[in-house]
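Colleague: I want to go through the packing in this one. Can we take it element by element?

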Amino acid sequence: MATATTPQAAGIIGAAVPRIDGPVKTTGTALYAVDHDFPGLAHAVAVQSTVGSGRIRKLDASAAEQIPGVLLIFHHGNMEKVYRLFPHQDDATTSEARPPFEDDKIYYWGQYVALVVAETLEQATAAAEAVRAEYDAETPNVSADLETGFTGQRHSSWKRGDPDKALAEAPVVIDETYITPVETHNPMEMHGTVAVWDGDNVTLYESSQGVVNHRIVMAEVLGVPRENVRVISRFIGSGFGGKLFPWPQSTMAAVAARKLNRPVKLSLDRRMMFSNVGHRPLTEQRIRLGATADGRLTAVRHDFLNHTSMLDDIVERCGEQTPFIYSCPNLEVSSGLARRNVGTPTPMRGPGAVPGLFALESAMDELAVKLKMDPLELRIKNDAERDEGTNLPFSSRHLKECFTTGAEKIGWKQRTPEPGSMRRNGKVIGWGLAGASWGAARIPCTATVELCPNGRICVRCATQDIGTGTYTIFAQVMHAKTGVPMDRIDVLLGDSSLPDGPTSGGSMATSAVLPAATNAVNSAITRLMNIATLTQNSPFYGAKPETLTLIDGRIHMKEAEQAGVRRMALTSDDAPAVRPPAGGIPFEELISLARLSGITATGRTFPSFEDPKAKAYSLHSFGAHFAEVEWEPEIARLRVSRIFSIFDCGRIINLKAGANQILGAAVMGVGMTLLEETRYEKRTGQPINGSFADYLVATCADLPELDVTFLDYPDLIVNEYGARGVGEIGMAGVAPAITAAVYHATGIRVRELPVRIEDLLQSKIVEV
């Protein structure tokens with residue numbers, strides 16, 4: 001069972017609105033990336049390395065070339081030239097810096113060593129299997145032990161006070177290490193590209209979370225002008241961060257299509273998802289907390305390592321939330337990178353915050369136990385009144401209320417602190433809690449709104465909907481501003497030829513598109529009113545634009561103005577010429593009277609980092625999770641039975657979509673805590689559980705009772721609606737809440753995820 005609550009919405013903004021793209025998805029008419037088909041379409045299959053480190057000694061494609069239908073085989077020896085993206089380029093981000101087939105070196109298992117293109121998928125598959133590669137193999141380094149032998153540099157990202165001195169003097173100290181494993185993104189839709197050239201122009205049908213960024217990257221890599229590249233991702237089967245940036249298959253498909261002068265399709269299979277398109281990196285985090293005997297934090301040190309690939313520097317940023325989530329005068333966060341023979345990591349839902357808060361919140365729970373203090377009381381006592389990392393006030397912070405609301409929902413007052421002391425229906429019950437936070441920002445966005453002569457409204461933006469409800473949010477704003485029914489509103493997204501829109505990542509898309517959409521529709525309405533007063537055969541000709549309004553898609557004179565017109569008509573021989581119909585006129589009628597093809601306006605969102613008002617505040621969302629587990633010691637069975645999630649995310653635009661985001665994130669948090677872990681074979685570096693048969697994710701059988709509550713505190717510093725993002729924060733804090741509950745039920749403190757049955761077998765809690 002899942003429930004969601006928030007204060008009652010007034011109108012469509014904040015209501016639980018069904019997604020307008022739901023019908024095309026449920027009827028199967030929505031086209032995803034590799035659903036696109038074209039005359040003459042050729043099929044590509046990649047050949048992958050079977051070693052995790054070394055060099056290609058010889059690659060023999062002669063047998064593959066003889067297979068009927070084979071059109072092209074690319075490899076290091078004959079790949080057409082492609083280019084690198086300049087590192088840290090402000091307006092573009094790629095995944096792997098190394099272009100495909102750039103050299104004969106092998107950096108990780110599964111690395112692409114050749115590409116076969118043929119008339120059919122079956123022919124391409126057979127030919128790919130016929131390509132023979134010989135290697136000078138080396139033993140790959142895929143060790144999960146990041147600390148031992150680490151010789152890299154550590155970088156201090158945050159520091160205030162003297163944490164080492166404060167730790168040495170603290171009456172109570174926690175010093176523990178927490179580990180989160182490699183997790184692999186597993187959206188239902190796998191990565192894929194269909195590339196179509198038309199002269200010097202290329203269209204890429206992609207599964208992308210950022211079509212504008214994708215266009216810029218591919219223009220650089222292919223060496224063509226940006227205006228020659230178009231990227232289309234109208235429907236995406238989710239991404240969880242794995243589709244934020246282009247991966248090598250996009251370049252390979254585009255180059256092959258250009259060489260053959262015909263469309264080429266290249267899609268990944270599920271096993272490739274574990275090696276070639278990123279993952280959440282392994283982290284090893286040492287947390288040291290110092291506190292007074294009454295629970296006041298005096299020192300925090302958060303030192304972490306994460307693994308990265310041999311060529312790319314990807315920092316997981318586990319300490320981003322640490323400087324401000326709790327008050328503490330002495331603090332330092334440091335990070336380091338451990339290179340491994342793995343594919344390049346990439347953001348995964350809640351990057352940095354999710355593993356980072358697992359460590360920090362777990363340490364807070366351990367501190368509460370050591371102090372013999374209620375973990376809820378400890379957190380409330382250390383609530384921060386301002387961002388002590390930046391020394392700025394928060395634009396909005398209601399973390400304390402998140403904690404107290406969650407405590408009331410779960411009945412925290414009935415909790416007894418001793419492990420194994422709570423029972424229900426013959427099962428041991430454990431309760432745990434954790435705080436959560438995620439950054440907020442307003443990033444650039446452009447949108448156009450067109451009032452069409454057929455009575456419809458069309459809104460266009462080159463952002464994309466990754467399954468989070470962006471189509472519907474645009475439509476909600478249009479309806480709220482014009483009153484035009486939702487079924488007469490067309491939203492066009494996911495095409496880089498549209499006005500530039502944001503990447504769908506970091507929970508920033510909604511806060512970016514709202515101002516752009518609002519500004520665009522407001523401008524369109526202003527133009528409509530001006531035209532209504534300037535068009536001679538309009539019933540509003542000669543009126544002042546400010547006396548008019550748009551209600552339910554019809555132009556009306558404002559109520560006070562209408563009353564004035566009626567009074568003048570009754571009392572004066574010089575009655576005004578403007579006598580509009582009582583029911584107003586449809587906006588499309590006015591467009592027809594003015595002989596216009598439509599009325600179009602553009603709106604823009606300016607980033608918060610350029611706004612002096614926004615720069616004066618620390619912008620974040622906050623939340624709390626309360627988890628319940630059931631432990632059956634006689635059969636060593638553990639189950640998450642309930643999760644209560646309470647969030648201060650500003651104003652919720654669509655309660656249905658917002659709740660779905662939090663509920664889905666909670667389920668992913670269950671998977672992270674109890675099930676998910678990508679393992680590498682030591683001799684070859686191969687992900688050995690690279691399938692849904694072996695890589696465990698949460699299913700319906702694992703679902704707990706889920707309850708979501710949104711606090712209603714609009715954050716008007718972020719945008720006029722006061723909305724912040726909800727996608728990332730929903731997963732932050734779930735894991736430590738569950739492991740705290742596991743400790744409360746079993747007496748076993750799990751510091752390395754996922755929780756294993758071997759851990760719980762050590763429990764001294766027995767059946768009674």
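Colleague: At about what angle does helix H12 run to E25?

Modeller: This is a predicted model. Helix H12 covers residues 509-534 and lies across E19 and E25. Its direction relative to E25 is about 150°.

Colleague: In what order do the four strands of that open sheet come?

Modeller: The pairing in this sheet is mixed. Strand E21 (489-492) and strand E25 (599-605) each have a single partner strand, so they stand at the edges. From one strand to the next the twist averages 15°. The order is E21-E20-E19-E25.

Colleague: Which residue of E21 stands opposite valine 459?

Modeller: Strand E20 spans residues 457-460 and runs parallel to E21. Four bridges join the two. Opposite valine 459 stands valine 491.

Colleague: Which helix packs on the sheet and touches strand E19, E20 and E21?

Modeller: Its residues are 470-482. Its direction makes about 140° with that of E21. The helix is H11.

Colleague: Which strands stand at the edges of the open sheet of three strands?

Modeller: The order there is E22-E23-E24, with antiparallel pairing. An edge strand pairs on one side only. That holds for strand E22 (548-551) and strand E24 (585-586).

Colleague: What angle does the direction of H12 make with that of E22?

Modeller: H12 packs on this sheet too, touching E22 and E23. With the direction of E22, that of H12 makes about 125°.

Colleague: Which residue in E24 stands opposite isoleucine 555?

Modeller: Strand E23 (residues 554-557) and E24 run antiparallel. Two bridges join them. The residue opposite isoleucine 555 is isoleucine 585.

Colleague: Why is H16 oblique to H17?

Modeller: Helix H16 (residues 655-674) and helix H17 (residues 734-746) have axes 8 Å apart. The crossing is right-handed. Angles of 65 to 115 degrees would count as roughly perpendicular, and those under 35 as roughly parallel. H16 is oblique to H17 because they pack at about 55°.

Colleague: How many charged residues are in the contact of H16 with H17?

Modeller: H16 brings Ala666, Gly669, Val670, Met672 and Thr673. H17 brings Val734, Ala735, Ile738 and Thr739. By class, six are nonpolar and three polar. The charged count is no residues.

Colleague: Is the pair of phenylalanine 324 and phenylalanine 394 stacked or edge-to-face?

Modeller: The ring centres lie 6.3 Å apart. The planes are at 65°, and over 60 is the cut-off. So the pair is edge-to-face.

Key. Residues numbered from 1 in each chain as written. Predicted model: local features only at pLDDT ≥ 70, side-chain atom pairs only at ≥ 80, totals over all residues. Heavy atoms only, no water. Pairing = 2+ DSSP bridges. Axes fitted to C-alpha atoms, helices over the stretch in contact; angles between N-to-C directions. Contact = heavy atoms within 4.5 Å. Parallel < 35°, antiparallel > 145°, perpendicular 65-115°, else oblique. Left-handed = near helix turned anticlockwise from the far one by under 90°. Nonpolar A, V, L, I, M, F, W, Y, C, P; charged D, E, K, R; others polar. Phe/Tyr/Trp six-rings, centres within 6.5 Å; stacked < 30°, edge-to-face > 60°.
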